[in-house]
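Colleague: Hi, I have a few quick things to ask about this one. Could you bring it up?

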Amino acid sequence: GVIREAVAFALRGSSVRCDDAFADDLPPVEADESQLSQVFHNLALNAVQAMPEGGVLSIRAARDGDGVAVTVGDQGAGIPPEVLPRIFEPFFTTKENGHGLGLAAVLGIVRAHGGGLRLVSSPNNVRAPRPVQFTIRLSSSTMRSRGVSNARITRRPPNNKKSRTSA
């Protein structure tokens, strides 16, 4: 699916491996597939950069009420508390060769799809199995009939009309 393909591409050539688990009862969501691919590619790329010696990128997708929650966690050093308030700002970076657009794009895309983004960071906490965890929540497409904003993974055919596919 979209998530596995985007993550596999970002991990290519690195010593980071992916451990993923997707619940069987995930509801469909309505969203632009290429944009959601960019979200998960950016998060995986950040994880690779946070774990230069290798490690495990964990991805969990589960039903969350009427929607889907996808949690992406890595085994890097975590994000320092003084940096946290700025990490979603465009052009803010802590990387020598960074541009500061990755996480700003992630937040913008998730919000554009009516979703939410939560970040938990536990820097230097050796007991935390995943010092950095991003959780993305997207609403089920079944909410559309009730007039609630929603999001669904779709493939855009050549005529740019949305079609439904599975995650």
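This is a predicted model: local features need pLDDT of at least 70, side-chain atom pairs count only at pLDDT 80 or more; totals for chains, interfaces and linings use all residues.

Colleague: Thanks! How many residues are in the largest nonpolar core?

Modeller: That core has 35 residues, and Val7, Val39, Phe40, Leu43, Leu57 and Val70 have the most contacts inside it. A nonpolar core here is a set of buried Ala, Val, Leu, Ile, Met, Phe, Trp, Tyr and Cys residues joined through side-chain atoms within 4.5 Å. Buried means under 20% relative accessible area, exposed over 50%, and partly exposed in between (1.4 Å probe, protein chains only).

Colleague: Which elements give two or more residues to this core?

Modeller: Helix 1 (2-11), helix 2 (33-50), strand 3 (55-64), strand 4 (67-74), helix 3 (102-112) and strand 6 (132-139). Helix 2 gives the most, with seven residues. Helices (H or I, at least four residues) and strands (E, at least two) are DSSP runs, numbered from the N terminus.

Colleague: And what is Val70 in contact with?

Modeller: Beyond its neighbours within four places in sequence, Val70 contacts Ile3, Phe40, Ile59, Arg60, Ala61, Phe134, Thr135 and Ile136. Contact means heavy atoms within 4.5 Å.

Colleague: New topic: where does Gly54 lie?

Modeller: Gly54 is in the loop between helix 2 and strand 3, and is partly exposed at 23% relative accessible area. Not counting residues up to four places away in sequence, Gly54 touches Ser15 and Val16. Its C-alpha is 7.2 Å from that of Ser14, 40 residues apart in sequence.

Colleague: Good. How many salt bridges does the structure hold?

Modeller: Five, each being a side-chain nitrogen of Lys or Arg within 4 Å of a carboxyl oxygen of Asp or Glu. One of them joins Asp20 and Arg4, with the closest N and O atoms 3.1 Å apart. That pair links distant parts of the chain, since Asp20 is in strand 1 (residues 16-22) and Arg4 in helix 1, 16 residues apart.

Colleague: What about Arg63 and Asp25?

Modeller: Their side chains meet in a salt bridge at 3.4 Å, N to O. Arg63 is in strand 3 and Asp25 in the loop between strand 1 and strand 2 (30-32), so the pair ties together parts 38 residues apart in sequence.

Colleague: Is Arg63 buried, partly exposed or exposed?

Modeller: Arg63 is partly exposed, at 40% relative accessibility.

Conventions. Residues are numbered from 1 along each chain as its sequence is written. Side-chain values use heavy atoms; hydrogens and water are left out.
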